[in-house]
Amino acid sequence: MTSAKQLTFDLPHRDALGREDFVVGQCNEEAVAVIDRWPDWPANRFLLLGPAGSGKSHLAAVWRTRSHAAHIRAADLAQSDISAALAKTALLIEDGHSLGDERPLFHLLNGAAEARLDLLITADRRPALWAITDPGLLTRLQSMPVVSLEAPSYDVLGHVLKKLFSDRQLAVEDDVIAHLLVQMERSFEAARRIVAALDSAALHSHRRISKRLVNETLQSQNDAITPPA
């Protein structure tokens, strides 16, 4: 792994259609390419897989904005108007792994195939691990093309941290960001949490953001979530 002192933060970034910039790196470039390729998809549908904090919800939101897709969470399919969703030209289903009643998704997949509806389903794991009991539904899901996101790499996460600090008008030195990178959880959500916490800590203590303040803030966060023995 590249050492913290060798990290650079000069990666390109793309505008995420009105949302915060989506930083492109080796961990997500294949998935970004698929989203950018729409509507020229080979089978009108994709599974977008990635662990929590990998940016899949952000990237799915980019596609939703571009495609004007309807949006349903898998856990809400049983209470959703499937016919209305199939009347759209595109549909985003988020968190497929949280699926409860399997019948609405089975009906939706069949209807989407007939209507050639553009369909994107996000999940944190492959359908074989969703505890699906209907073999027909599982076969349909497993036949969908898959693109995966990995946990953000250190270079991508470093660029995101710089942007988050800049958005708050905070000047933070690269060596402090490099130090933070090797101490924190590797996820975009963690980056947003720690930047907000450091902003608050610096404001209340009238201190600049330094390695020492990073260590104190991370320790404070760990203490807050660790139950007493």
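This is a predicted model: local features need pLDDT of at least 70, side-chain atom pairs count only at pLDDT 80 or more; totals for chains, interfaces and linings use all residues.

Visitor: What share of the 229 residues in the chain is buried?

Guide: Buried means under 20% relative accessible area. Buried residues make up 47% of the 229 residues here. As for contacts between residues at least 6 apart in sequence, 69% of them join residues at least 24 apart.

Visitor: How many aromatic pairs are there?

Guide: Two rings pair if their centres lie within 6.5 Å. The count comes to three aromatic pairs. One of them is formed by Trp 41 and Phe 46, with 5.1 Å from centre to centre and 75 degrees between the planes, an edge-to-face arrangement. Trp 41 is buried at a relative accessible area of 7%, and Phe 46 is buried at 5%.

Visitor: Why is the pair of Trp 41 and Trp 63 classed as it is?

Guide: Planes under 30 degrees apart count as stacked. The planes of Trp 41 and Trp 63 are at 10 degrees, with ring centres 5.5 Å apart, so this pair is stacked. Trp 41 lies in the loop between helix H1 (29-37) and strand E3 (45-49), while Trp 63 belongs to helix H2 (residues 56-67), so the pair ties together parts that are 22 residues apart in sequence. Trp 63 is buried, its relative accessible area being 0%. Ring pairs link Trp 38, Trp 41, Phe 46 and Trp 63 into a cluster.

Visitor: Which peptide bond involving Trp 38 is cis?

Guide: The cis bond joins Trp 38 and Pro 39, with omega at about 10 degrees. Pro 39 is in the loop between H1 and E3.

Visitor: How is a pair of packed helices described?

Guide: Two quantities are used, the angle between the helix axes and the distance between them. For helix H4 (residues 103-115) and helix H5 (residues 135-142), the axes come within 10 Å and cross at roughly 45 degrees. That angle makes H4 oblique to H5. The crossing of H4 past H5 is left-handed. On the H4 side, the contact is made by Leu 105, Phe 106, Leu 109 and Asn 110, and on the H5 side by Gly 136, Leu 137, Arg 140 and Leu 141.

Visitor: Where does Thr 133 lie, and is it buried or exposed?

Guide: Thr 133 is in the loop between strand E6 (118-123) and H5. Exposed means over 50% relative accessible area, and Thr 133 is exposed at 66%.

Visitor: Which residues other than glycine have a positive phi?

Guide: Among them are Asp 95, with phi near 60 degrees, and Arg 116, with phi near 50 degrees. Asp 95 is in the loop between strand E5 (90-94) and H4 and is partly exposed, at 22% relative accessibility. Arg 116 is in the loop between H4 and E6 and is exposed, at 56%.

How values were computed: Residues are numbered from 1 along each chain as its sequence is written. Side-chain values use heavy atoms; hydrogens and water are left out. Rings of Phe, Tyr and Trp (its six-membered ring) pair if their centres lie within 6.5 Å; planes under 30 degrees apart count as stacked, over 60 as edge-to-face and the rest as tilted. Buried means under 20% relative accessible area, exposed over 50%, partly exposed in between (1.4 Å probe, protein chains only). Helices (H or I, at least four residues) and strands (E, at least two) are DSSP runs, numbered from the N terminus. Axes are lines fitted to C-alpha atoms, for helices over the stretch in contact, and angles run from 0 to 180 degrees between N-to-C directions. Angles under 35 degrees count as roughly parallel, over 145 as roughly antiparallel, 65 to 115 as roughly perpendicular and the rest as oblique. A crossing is left-handed if the near helix is turned anticlockwise from the far one by less than a right angle, and right-handed if clockwise. Contact means heavy atoms within 4.5 Å.
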